[in-house]
Amino acid sequence: MNISMKPPVMGQQTAPLGRGTIWRLAGRFALREARGGLGSLRLLFLCLFLGVLALAGVGSLASAIQKGLAEQGQVILGGDVEVRMTQRGPSPEEMAALRGFGGTVSESIRMRAMVRGESGAAADKQLLAEMKAVDGGWPLYGEAALRGGGGNQAVQAALAQGALIAEGLADQLGLKVGDTISLGETQFTVSGVLSVEPDRAGEGFTLGPSVLIAFDRVAETGLVQPGSLYRHHVRLKLPESTDPVAVTKAIEEAFPDAGWRVADRRDGAPGVRRFVERLAQFLALVSLTALAVAGVGVGNGVQSYLDRKGGTIATMKALGAPSALILRTYLLLIGGVALVAAAAGAVAGALVPYIVVYVAGAALPVPPVLGFHAAPMLAAIAFGLLVAFAFAVPPLARAGALPAQRMFRGSVESWPWPSVRAIAVSLAAGTAVAALAVWQAAEPIFALGFLGGAAIVLALLFALGTLVKWAARRLPRPKGVLGRLALGNIHRPGAMTRQLVVALGLGLSLFATLAFIETSFNAELKKTVPDKAPSFFLLDLPKEDAARFLATLPEGSEVSMVPSLRGPVVAVNGTPVAELTDVPERSYVLRGDRGLTWADALPAGNRLVAGTWWPKDYAGPPLVSMDAEQAGLLGLQVGDSITVSVLGVEIVATIASLREIDWDSLGFNFVLIYDPNTLRDAPYSWMATASPPAEYDDSFTGTISRAFPTVSVVKVKDVLGEVGNLVMQLGTAVRAAASVAILAGIAVLVGALAAQARARVYDNVILKTLGATRRQLMTAAAMEYAALGLLVALIALALGGLAAWVVVTQVLAFSWQPDWGVALLTVMLGAAVTLVLGLVGAHRTLGVKVARVLRES
């Protein structure tokens, strides 16, 4: 760098530079340095680019989906306002009031039902589906479509001729237009295949594909019986001048005891929204951890760059440049590179939604709104700059404190440690990153715990890296020369052992954790759960058919039956649910309809933790036993009250006991169980679990469906398969975010090799001069990086195993049965990467000509 600075005269004090002058000079010097080449700052650029890309990608995809939910609220909800009732329809008075708001009114009914093929390739096949009966106004918003063409008018015309089936149903049963199917007690002609169902996302999780029939043909099916589990929807398309929020409030005030759920277009699919928020939060935290790994690369890149500029820095100080000028010069240079890297990463991250839509658009709950979403991009840039600042300050402070005598002592002068002030500033930037992440999180406590755990793991990896160097220094020296050389390189001054353990160890630990969790979870689904779970669940068995059902079962079947009905919780201790504040996110008992039952004895798989069970002949005021976990979230105790609405009738019950439920039993577990006297006379149906002898598994569904057309049969094996697929998809998403940590770790490894290259060149030249061959030096390098890679792999295996054990046994409450082979293969791939890149770096340093190096020394 050409420095035009007048040297100080002996005995003369140099006039101090003003703050503005220092910044102007620093800007000029920073531009000159940038024109001279970035050198090791390319590592800073790459690491920061990767970390910001991951954060911006996750945030942009979440924003695109959430904006899609918001902009398509009317389509997803099916109207401007929806009134949803369980096990009943609206009374004439209620319907008149709903029509009084003007606009268009549409009704539909939704429930589970078995579809049976009666002709063609689908004959004698059956599948659980979601039956939806719609009127002539459906859909109020959006455009339905048939396979082969046709919109809303074609859909209504097809409904007048028979049933419409979803593409999934057609593919699974082999149905085509013109085939005959049975739905309940009636046969329908398949009049079309539905390719677009606009309000599907708003209906939440379903156990099967859709089958649509005309609303006025529901009675023919016999599916809607007293006690049947169905939902009746009334949707309103309001005039443009009418406020849906005001209409929602007016409906709730006019019918405070109706027991229905009223929603408006602002949040058409709350379940989807909550799932997207939680998944995005977790992936963002994983990406932020990857950015922390990238920060190690930032620190290494800055340190390596400043090390090469040591002569320049010492020259500037000898010519009278104050430390403030040096610090600001390189702060501006590094800050400029960091800003460009963060901006480039944010732009690349903004393209992630486009890629996801192209690759897996059909798997998304709603079509995302594509475009550049400023908020996640700016947040990712802010995170990137803060992380870069936190890791760049210590080496910058050390450079500012570098004595001028360094230029006369070559490379023997050690760098001074950063000051306490510099360390405090770095920690403050790290704290700001954590605070911003927690502030943005949907669940701050979870975010704080995750970041705290990641910080502990990083500190542990740093300590382990230090321990590896300490142990290598004290191990007995191998007899062979190459072994001694490899061991010495691990603990030699300037060795990057600690940085490599931190950078690669975190990414591999994440992958090992996922491998342990997935294999253990899959083993639970394939081995433990089938041993405990029943073979079939049966729903909507009419109460008068209980005896005939038991007689129909194959001999030797295991069966359990419980009465069932549904209703929402409408009040807690007399306070309406709508007026409750600070409701925990996990309090699902207050969302939607709840399954209700009664029992005269404590069910198997339940344990009382508070209160007492009612006597078998109890005939007093309503009592209820509640899940202890949900009660604890709401602050409820024995003696408090909870109100549910059953068929429009509100039932206020006193909490008599709290139960701990073993959800792993996969039996019928209810959050709310009432005394028999309270609900016995209400319309209900039976739910049953059945495990017939193994030879009847294939024919059981058909036998029950023909004998009881209104009963829905759910095969547990199919449900477990869907759960396994969902876990695999979530694992893929998490691995995609965690892979950034691996890439950042590899970048750190490459940077570390580059930083050591200069010293390694001199070492190799000396060894070659003393007679060492290229093959011997490559062998020593292979031994060194194989040892490092193996150490990192074993550390990652141990940390990943510990983290996965906590998740599997303590959070998921599953048994610990991982596939160690898969986890070991995962981390050994990381060791192989370390070895290969190390050998590539060694090969480059060995290619330098001995004579040229000796001439330049």
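Mentor: A salt bridge is a side-chain nitrogen of Lys or Arg within 4 Å of a carboxyl oxygen of Asp or Glu. Side chains of opposite charge can pair when their charged atoms come close. This is a predicted model, where local features need pLDDT of at least 70, side-chain atom pairs count only at pLDDT 80 or more, and totals for chains, interfaces and linings use all residues. Residues are numbered from 1 along each chain as its sequence is written, and side-chain values use heavy atoms, leaving out hydrogens and water.

Trainee: How many salt bridges does this rule give?

Mentor: The count comes to 14 salt bridges.

Trainee: Which residue forms a salt bridge with Asp199?

Mentor: That partner is Lys132, with the closest N and O atoms 2.9 Å apart. Asp199 lies in the loop between S7 and S8 and Lys132 in strand S3, so the pair ties together parts that are 67 residues apart in sequence. Strands (E, at least two residues) are DSSP runs, numbered from the N terminus.

Trainee: Are Asp199 and Lys132 buried or exposed?

Mentor: Buried means under 20% relative accessible area, exposed over 50%, and partly exposed in between (1.4 Å probe, protein chains only). Asp199 is buried at 1%, and Lys132 is buried at 3%.

Trainee: What does Glu197 pair with?

Mentor: Glu197 also forms a salt bridge with Lys132, and there the closest N and O atoms are 2.6 Å apart.

Trainee: What about Asp545 and Arg548?

Mentor: They form a salt bridge at 3.6 Å between the closest N and O atoms. Asp545 is buried at 17% relative accessibility, while Arg548 is partly exposed at 43%.

How values were computed:
Helix = DSSP H or I, 4+ residues; strand = E, 2+ residues; numbered from the N terminus.
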